[in-house]
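Biologist: I would like to learn how to read aromatic contacts and strand pairing in a model. Can you take me through them?

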Amino acid sequence: MARLYLFAVGGTGARVLKCLCHLLAAGTPLRDEHGQAMDLVPLVIDPDKENGDTLECLGTLADYVKVKSQLIEQTGGGYPCGFFQTRVLGYRQLQAVAAAGAGAPEEGEENFRCGFIDAAKTRTFGEVIDYDFLESDLDRGEPTRLLVDALYSRTNIDTRLTGGFLGNPNVGTVVLNQVRHSRELKMLSGLFNSEDRIFLISSIFGGTGAAGFPVLLKQLRQARNEQGQEAPTLRQATVGALTVLPYFGLDDDAKSPVDANAFVPKTKAALAYYANHLGRVDALYYIGDRARKRYANTPTGITQRNLDHAIELIGATAVLHFAAQAKGGFGTPAYHECGVHVEPSKPFTLRGLGPVAHDIEEPVTQMAMMRLFLRGELSSPRSVELLFAQPWTKEGEFGRAFFTPQSPAFAPLSAYLERWWTSLANMARNDPKLQLFGDTLDVLRLDVDARRHPDAGDINKAVNALNRRLCGPPRSLQRLLTLLWKGTGDLYRKRYDHRTAVGV
Amino acid sequence: MPTPFTLLSIATARETERSGWHRRDAGAYDAAYANAIEEPVATQPDRLLAAIPSPFGRLHGFDVAFGFLSEPNRPVEGESVFHASVSQCLDAMELVFNWQTHLMCGAKLALVRWHPSQELDRLKKGRPGHAVLAEALELYFGQDTAIGAHVREDGLWLIAAEEGTHRSALVVASPLTIAAPAPEAAALAAQIDLRMPGRKYVYFSTTVPLSRRPPAFQAYMRALFRLRQGALTRGCERMFTYVNRVVSTASVAQALARFTNANYVQLVDPSDGLPIAVHGVHLPTSAPSGDVDEEVATSPRRIRVDRPGVTPLPVMLVDHVTSTGQHDMSFKAPASDARPVADRVLPDLKRRYPFLIAADLFEDQIIRVPYALNTAAFLLPAASKDVTASFLPPVRRAYLEYFDETSIPTRVRFRPLDGAGVACDIDVPLVHGSVTLSKSYYPTPQLPSAGRIVDADVDLIAFPMMRPAKMEDGRPVAAFGDLSAFLLVELERSQAAHVPWRSDLAFYTSTPAPDGERFALQPIVDRIGIQERTKKATPSYTGSKMFHLDRPLPTAIELVLTEENGRKTRALLCPAARPQPVGSAAFDIAIDFGTTNTFIALGRRRGDGRAPDVLPLAFTGGSEPTLALHAPNQSGQPIVAHADKLANHEFVPLGLGTGRYTLPTRTAVAERPDGHAQRLFADINVAFFLQRDAVRAGAEVVTTHLKWMRRAETATIDRVRLFLREMLHLVRARILQQGGDPRESTLIWFWPLSFTTYLRNTLERLWREEAVAVLGVDASAVGSMTESAAPFYYHHARARLVSDKPVLSIDIGGGSTDVVFFERQTPRFGTSFNFAGNALWGDGFNLVRGPSDRNGIVDWALPRVNDTLSRLDSPIQLHAREILSPLTTSLESSEDAVNLCFAVDEQVKFTQQLATEPVIKLMILLHFSAVIFHCAQVMRLRKLRRPEILCFSGYGSKSLDVLDPSSGKRHLGEQALRLFDVVYDHWDRLADVAVADDPASADAIIGIARELPSRGSLQILLADRLKEATCEGGILGAALGNALRDTPEPFVYLGGADDTLYERDRVVSYEELERCPSIKPDVAANFRRFIAVFLGFADRYEPFDVPIGTVADHRTRLWIQVSETLELGLERRLKSEEGREERMSETLFFYPLIDKLFRISQTLKP
């Protein structure tokens, strides 16, 4: 199976990756140009160790992997399920699998993260480059120190890297260049196959992402293996990238090192630079928005955790789009942008994305139905009684213990569903005009037109109908997800799908 | 109609016909896309310049900014971050453009080269962090073709600001924009106040489009690309496009036309001398510009100068007024600027243009002296009326570069300040109006801007304070024989000896500026002599230092005080004397360089042929050539008293000719004790003070007896030369004061007939050399006359003598008596002998001088003088005692002692007292009679007519007043006639009378003489100014036209037989005298015959109040031991002659009498 090596650089990269993860969790498939499923090998690059966005992304990935690998794959096959269908792999996992892995497999949990991380949280850029020890020989004119002074401001030199690059990509390029020495990058030349692809996600107006993208690209194009030899396969890799242009603003804060007013000029400058100096990229996706939501100005750290934004979700679809494109169709290179349908005075829905929405709307709606169904059934003693009165719970031997929060089988799913729901609900809250799922979610929330929208009874009915057709171990999460995937799918197609119904 | 979709984009135009992800037909989001994005304002360039993900992102940032502003629809001017960035980059280019100007202006800028291979290697081998940096740079050199290739080829150069040993980056080379500013450039430029030449703002502080920059710079940018197309144009394409867009060729056509290589110099790496390049193109910079902004060139703040040739006029900078005269409370004039005025850079415009600040005109400290100042002698600020102390002008020399020194009294003022301070104000005239600069001084200043008052007990005396100048083309130029001498006096308040000097002088002269040329004040460093005259270790603790310049009076004298810590304080003293054109009047100068006294007379020649008006050399009130820094009548101050004293003793006395120090003066010099008489004033000077002040024991050495120097006495010759030189400088000053031209002068000097040839020749040489050097005359203008002849002309003029009468002129000096006989105004003969005042008042032939052996007159006189003194008023007594103090403090010769008494004759009535003592009068009568007798004998032998008139002159003739106070000296005339009668009418008889050692052998002659009848009196003319007679007579005689050539025929009558009358050049030598044994006995006999005649007339001496008994008392003393005393005299004479082979220069007749007179004086001792 081909792999998509994805590099999410900086905060925006992490947020888009998280959205991609949510789409994949809901069952949106990651397919290659031949329609074959691809594995996703994500890597988050961010020196800001405690960046809230990055941590959220990493948590999402970890939960995804947990649900997928521990509760679905380990329980054995037999239940075709759309939810969490894409494999998300880590480098450590790949290294363990690879026969000729580079060095001993690392201990510990997969964390999907690499790059320079200042664990001590103390180092400044000046300390990273040993600025204070640059030549002080006046006879020689202190040329290098003067050069650094000519290229970097005092603020740059004094920037603490624990907070990322604070909108200074010129600093980031030097620091992130050290990613080349990371185990993951060193492994890549050995892991990468010709059918694999690489995708980079970054913003252009920030610090880490803006710096990391061209650095990574240059590193990939100059890739060498661990023996120091050129890695031609990797160097010739099909590389796509999403460059996120400004789509949010920040509250004015004179004390903050980040000035949202500079987003656009910086973007303009960087775009002008990219045009001539970026290096070869096969497909470049641009996304941004003029109607920019303003966030609190918390440029670094764990408090930098802005509400999820539809742009990030839409940006994530670029990954799916890139993966599915025929390799020969990129041209040199292919530049993409995204159009949406927006009707004045009407809420914007995912259907406004056009064909892209087709691959998203159904699984996401199913995921939403599942989440609301389970949440609703477990919300009161009466509903619980009703749930356990259903044939599918009885026949499937799902006992009360299965659905408890402490249940090792159900708890990860429940947690992920809440993370997923929060993320998507936040997008809607972020922009009141945005309706991600049209009227679907409203129906599921049972607060609108009861005539069209399925209720718990409808779902139970559909699931009961399916249950008898399933063969496999009872009391498993896989069985539950399959029941709900198919049941919600049938309901979606029956009630909402405006396209030709697709059979399960 | 298809449904319109909206692009998720930040561009303004977002309509699209496609939904979802789709390929963008226009390709990448490039500069054109970016250019279409509206950006908010108020973004700092630094944000932008950090946005590009490259270590060289900053360089790209500027490039990108140029790209945006290159768009045709973009406004050239604006406040966007791109406008600001482009402006900063242009500032960097202007810094390159103005590189030479900034260096010339003293900006601490350095050019540093960064060599990639060398530096990257060093970094990789360095610390881990350096390797991180190196890897990033290397990555981008490899991938960033716009940067990497050119950096590898040219390296990168940087412009750094230097602060001590630290350098800070200002500008870095950029392959994209040629140059780019460093991030901290703006702050750094503000910190070091690096301003655009000709403009007011600091680099990198203001957004200015290229179109509003100086045309020369616009042209530079255009020309840079125009002349160096190719690599540079391609590499810096966006900048090139911007420049082409903003600067049209037409707008800078004029400046472009001036673009030649001569306008530019290459930027060069100082480490290897190689040109700095961008894209392989050597980068030019503007040659230092002399362009002056019109705004400055017409500034009303330019000073209005007095001096010629000051172009451009410097701007006067003061706080709150800019270079161009704008009131700006934020403008602050520099407190100091070490650069020459011409090299300065206006702080507000950063344009090289001369300017002055207060510190240029004010000294940091001010000198205060404890006396009122002489505003007549020096150009000083007007003094306060109540002056116990004065401030010297704290004006720097720079003032004189622009303003005439005569403006000091009107433009410089002092104001008292509270706290014992003083403020000095200087009014500086401007092109429009004026500005008053002020500086405060306090004993202990509290504010940094205030100066300290430095007290100094120092005084200055100068000679001659006049500025003679020849006029050439209507301008005064230096004259001739120029000398300026300055006596610096310092009173050390400390009682410790050997305190080092604190004060010093420096001199500055102005070069006469031809039309259009710049006035220049230059230090005098050559032809200057400095000598500590009185060491400060002497008991007075007062030191004097002599400064001698062989050039005219300097324009300015700088008094420099150096404190123990080395700190110096200066005061500018400008002599008030204005250039004084040399007049055309001609003067005859006569100088009687006498044995005892010297006298000078000046005769202003008339144009009508009449005799000149002859006047003694004297400086009337207001014309004294010696002037002091202290005002007259300031003697209450110790330093002034010391200065006055030193001026009188070591220099030309203050008030010479108007007060205590007048001519004639004693022929004497004063020297510093440990020196050699080589430099006038520095080593030696005329001792005007002698017989007027006490000699300062240990501080000076006085030498008299200059005239009769011997061949081997070279030191004496030097003394005489310098004595004559000082006298001639006085003469020169006086002639110039009186509108005369010293070069038109004639100089007459006088010599006694008894001078040896050596002496005469030596003095003649000295006179000529000094007169030529000091007066500028030809050697032919220097003539001489015998001391014998000159008085005749004096009397001739004064007494209206009938010219045909035979006249015997007798000049009795201090050491010699000179006699000339005139008949029909023609000198017929002359003779001279060393029998003058010294014979009366001297020590005879005594070689040992001491109280017990001195002339008895001294011992007789001292108690009487003291007694008289004691009855005098205090001030007069004090002065007289001071003059007479040598009598008690040192061993003066008897002659000098008597001269001291004559010096206070007015106070102690010395002459009157002498007249009361018959013995003294007897001595004088003997002296007079012997002179007449000897003259009569010579004339008889020369077969000349007897004189009808006897003219007396010379200081030695003063004694005649003691003897005969009658008008016309009738009694003396009778005595003279008696003696002539004896010699002319009776000598044949008397000469046959034998005389022997036995006093009784005199009786025969005594008897004959006693019987001779008295038949009248010879007319005697005694010069009313005894000493002056020689000089005046010399001038008058010269005016008659024959005196100089009609030197009287000199004769020497040894005094024996008739055949001992010789023409001067045929006199026997001392050796020959020994071979003629009859001469000395004959002389002795002749002498005894004279004594006998004198005794024979004794009963006729009653008019002289010389009792016959007194004469009788000394008869034996006069008669005996004549031969012995003759021998003694010969021996003494021989000592002063050059050798025994020398011809005898005088008669032997007086030798016995010299001893007799001394011995008679001994009888006066108590």
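Modeller: We take the aromatic rings, then the strands. This is a predicted model: local features need pLDDT of at least 70, side-chain atom pairs count only at pLDDT 80 or more, and totals for chains, interfaces and linings use all residues. Residues are numbered from 1 along each chain as its sequence is written, chains are lettered from A and ligands numbered from 1 in the order in which they are written, and side-chain values use heavy atoms, leaving out hydrogens and water.

Biologist: How many aromatic pairs does a search of the whole structure find?

Modeller: A pair of aromatic rings is described by the distance of the centres and the angle of the planes. Rings of Phe, Tyr and Trp (its six-membered ring) pair if their centres lie within 6.5 Å; planes under 30 degrees apart are stacked, over 60 edge-to-face, the rest tilted. The search gives 61 pairs over all chains. Take Phe792(B) and Tyr793(B): centres 5.1 Å apart, planes at 75 degrees, so edge-to-face.

Biologist: Is Phe792(B) buried or exposed?

Modeller: Buried means under 20% relative accessible area, exposed over 50%, partly exposed in between (1.4 Å probe, protein chains only). Phe792(B) has 2%, so it is buried. Tyr793(B) is also buried, at 2%.

Biologist: Why does the pair of Phe928(B) and Phe952(B) count as tilted?

Modeller: Their planes are at 40 degrees, with the centres 5.4 Å apart, so the pair is tilted. Phe928(B) lies in helix α29 (residues 918-941) and Phe952(B) in strand β45 (residues 949-953), both of chain B, so the pair ties together parts 24 residues apart in sequence. Helices (H or I, at least four residues) and strands (E, at least two) are DSSP runs, numbered from the N terminus. Both Phe928(B) and Phe952(B) are buried.

Biologist: Which residues stand on each side of β43(B)?

Modeller: In a regular strand the side chains alternate between the two faces of the sheet. Thr817(B), Val819(B), Phe821(B) and Glu823(B) are on one side of β43(B), with Asp818(B), Val820(B) and Phe822(B) on the other. Both faces are covered. In all, 7 of the 7 residues of this strand (residues 817-823) are buried.

Biologist: What does β43(B) pair with?

Modeller: Two strands pair if DSSP finds at least two bridges between them. β43(B) pairs antiparallel with β42(B) (residues 807-812) over 6 bridges. Asp818(B) is the bridge partner of Asp811(B). β43(B) also pairs antiparallel with β44(B) (residues 826-833), over 7 bridges. That hairpin has 2 residues between its strands, and Arg824(B) in the turn has a positive phi of about 55 degrees.
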